[in-house]
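Time to open my notebook on a new structure. I'll jot down what I look up as I go.

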Amino acid sequence: MDATLIDAVSKVDTAFKFIFGVSFVILFLITAVTLYFLFRYSKKRNPVPAQIEGNLVAEIIWIVVPCIIVGAMFWYGWVGYKALREAPANSYEVKCTARMWSWKFEYPNGKTSDKLYVPADTPIKVDLTSVDVIHSFYVAAFRVKMDTVPGMHTYVWFNSGEPAEYEIQCAEYCGVRHAYMLSKVVVVPKEEFDKWLNASAAAEVPDEGEELLKKHGCFDCHTTDGTDLVGPSFKGIYGRDTVVVENGKEKTVKADDMYLEKSITQPAADIVKGYEDMMPPFELTKEELGKIIGYFKGGGKPTAKLGAKGAEIAEREGCTGCHSVDGSELVGPSFKGLMDRKTAVTKDGKKMEVTANVEYIISSIKHPSEYVVEGYEPSMPEYGQLSDDDIKALIEYISTLK
Ligand code: CUA
C-alpha cells in the first residue's frame with residue numbers, strides 16, 4: 001500500500017493526540033499550581049501582601065511558551081487538514097446524494113446503492129450533495145465528516161484499506177428521522193467489487209420461491225442444473241412431460257401447477273418413473289406453493305420478482321426512509337396495505353376520504369402537498385425527477401405489500 005494513503009487518518013490522530021496531551025498537561029499543571037498557591041499564599045501565612053511591580057522574564061515566558069504551543073497545535077492541525085483535503089488524483093469517485101433521511105450512492109457506471117460499496121486498498125473520493133436540507137456525511141473510522149449542502153458539491157476522501165464494514169452517520173440534525181439516517185461503508189476485495197458493480201440489480205433480489213426451496217432443503221435432492229440426484233432436477237421442470245407411476249401403472253402427465261402442487265404436498269401420489277418414493281410431504285400455504293411454482297416457471301432460475309424494481313427504487317430514492325414496508329409508522333404512512341386503502345386526507349383545507357388508487361398514489365408522489373393524510377405533516381418533497389417507468393415500478397411494488 002502506498003504509504004501516503006494512510007496518512008489522513010494518522011495525521012488527524014496525531015493532531016488530536018497532541019492537542020489532547022497538551023490540554024491534559026496544562027490542566028494538571030494549573031490545578032496543581034492553584035492548589036499550591038492556595039496553601040502557600042493564604043492570608044494566614046501572608047498577612048501582608050507583597051507589592052510586585054512586574055517581572056520581565058515571567059512575562060516573556062508566558063507569552064513565548066503559549067505561542068509555541070499554539071503554533072505547534074496549528075501545525076499539526078494544518079498537516080492533518082491538508083491530508084484530508086488532498087484527494088489523490090487516482091481516487092475512485094462515487095457520488096453521494098443525501099436526503100431526508102437516507103443516503104444514495106452512485107457509481108461511475110450508473111449503478112446505485114444505499115450502502116457505500118468500495119474496493120479495498122483504494123483511495124475513494126465521495127462527491128457529496130443534498131436534495132433538501134443540510135446533512136453531514138460522517139465516517140468516524142476514516143476521520144471524515146463533511147456537510148452535504150443542497151445546490152452545492154463537497155467531498156471527502158479516504159483510503160479504503162482492508163475489507164471491512166464501517167458505520168456512516170448523519171452528523172447534522174436534519175429532522176425527525178435524523179438519528180436513523182445510517183448506512184455503511186462496505187469495503188470488499190477488488191475482484192468482488194467489480195463483480196458486484198457489474199451485476200444487474202435484478203439478480204441481487206433473491207427469488208422468494210428459491211428461498212423457500214432452500215429453507216425446506218429441497219436442493220439436497222433436486223438440482224437446478226439438470227443432474228439427477230435422489231429426485232428429478234428442477235431444471236426445466238415446469239410444463240415438462242413426465243412419466244409417473246400410479247398404482248403400478250405408467251402414465252404421462254404434464255407438470256402443470258396442479259401436478260407440481262400435488263408433488264410437493266402429496267409426493268407419494270405420483271412417483272416419477274425411475275425414482276423411489278422417499279420424499280416426505282411438505283405442508284405449505286397456497287401462497288408459498290405459488291412462489292415455488294413461479295420459480296419453476298422461470299426454468300428453475302431466479303425470476304425477477306414482481307415489484308423488485310420498485311423495491312430498489314424505493315430504497316434508492318429514500319422513500320423507505322419515511323415509509324415503512326412492514327406497517328410501522330415512521331414520518332409518513334406505511335406502504336404496507338397502502339394500495340386501495342381508505343385514507344382520510346385534507347385537500348385545500350377540506351377534510352375528505354379518498355381511496356388510495358393508482359391516480360392518488362401518482363399524485364402523492366408528484367405533488368405530495370395536494371393531499372395531506374390526516375395525522376401527518378406535509379413534509380414530503382416533490383419527486384418530479386422520477387420517470388413514469390419508475391413510478392409504475394413503485395406502484396407495482398406497493399401493490400405487492402398487502
Ligand atoms: Cu441527515 Cu441528520
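**Ground rules.** Two strands pair if DSSP finds at least two bridges between them. Strands (E, at least two residues) and helices (H or I, at least four) are DSSP runs, numbered from the N terminus. I'm working with a predicted model, where local features need pLDDT of at least 70, side-chain atom pairs count only at pLDDT 80 or more, and totals for chains, interfaces and linings use all residues. Residues are numbered from 1 along each chain as its sequence is written, and side-chain values use heavy atoms, with hydrogens and water left out.

Entry 1: I looked up how β14 (residues 342–347) sits against β15, and they pair in the antiparallel sense over six bridges. The open sheet here has three strands in the order β15-β14-β16, with antiparallel pairing. β15 (350–355) and β16 (372–373) are at the edges with a single partner strand each, so one side of each is left without a neighbour in the sheet.

**Entry 2: the five-stranded sheet.** Next I traced an open sheet with the order β3-β2-β1-β5-β8 and mixed pairing. Its edges are β3 (112–113) and β8 (154–159); each has a single partner strand, so one side of each lacks a neighbour in the sheet.

Which way do β1 and β5 run relative to each other, parallel or antiparallel? Strand β1 (residues 92–99) and strand β5 (residues 123–130) pair in the parallel sense, over seven bridges. Along this pairing, V94 stands opposite V126, and T97 has T129 as its bridge partner. β5 and β8 run antiparallel, joined by six bridges, and there I124 stands opposite F158.

I also checked how covered β5 is: seven of its eight residues are buried. Buried means under 20% relative accessible area, exposed means over 50%, and partly exposed is in between (1.4 Å probe, protein chains only). A note for myself: in a regular strand the side chains alternate between the two faces of the sheet.

Entry 3: A reminder first: most residues other than glycine have a negative phi, and most peptide bonds are trans. M100 and W101 are joined by a cis peptide bond, with omega about 0 degrees. W101 lies in the loop between β1 and β2.

D121 is not a glycine, yet it has a positive phi of about 50 degrees. I found D121 in the loop between β4 (116–119) and β5. D121 counts as partly exposed, at 35% relative accessibility.

D348 also turned up with a positive phi of about 50 degrees, although it is not a glycine. D348 is in the loop between β14 and β15, and its relative accessible area of 70% makes it exposed.

**Entry 4: nonpolar cores.** A nonpolar core is a set of buried Ala, Val, Leu, Ile, Met, Phe, Trp, Tyr and Cys residues joined through side-chain atoms within 4.5 Å. Which residues touch the most other members of the largest one? Of its 37 residues, they are W103, F105, Y107, L116, F137 and V185. Apart from that core lies another, of 22 residues, among them C319, F335, L394 and I398.

I zoomed in on Y107, using contact in the sense of heavy atoms within 4.5 Å. Leaving out residues up to four places away in sequence, Y107 touches, among others, Y92, V94, L116, F193 and W196.

Entry 5: S136 lies in strand β6 (residues 135–139). S136 counts as buried because its relative accessibility is 2%. Its contacts, not counting residues up to four places away in sequence, include W103, K145, D147, Q169 and E172.

Y397 is in helix α10 (residues 388–400). Its relative accessible area of 12% makes Y397 buried. Setting aside neighbours within four places in sequence, Y397 is in contact with G307, G310, A311, A314 and V325. I also checked Y397 against G151: they are 246 residues apart along the chain, and their C-alpha atoms are separated by 31 Å.
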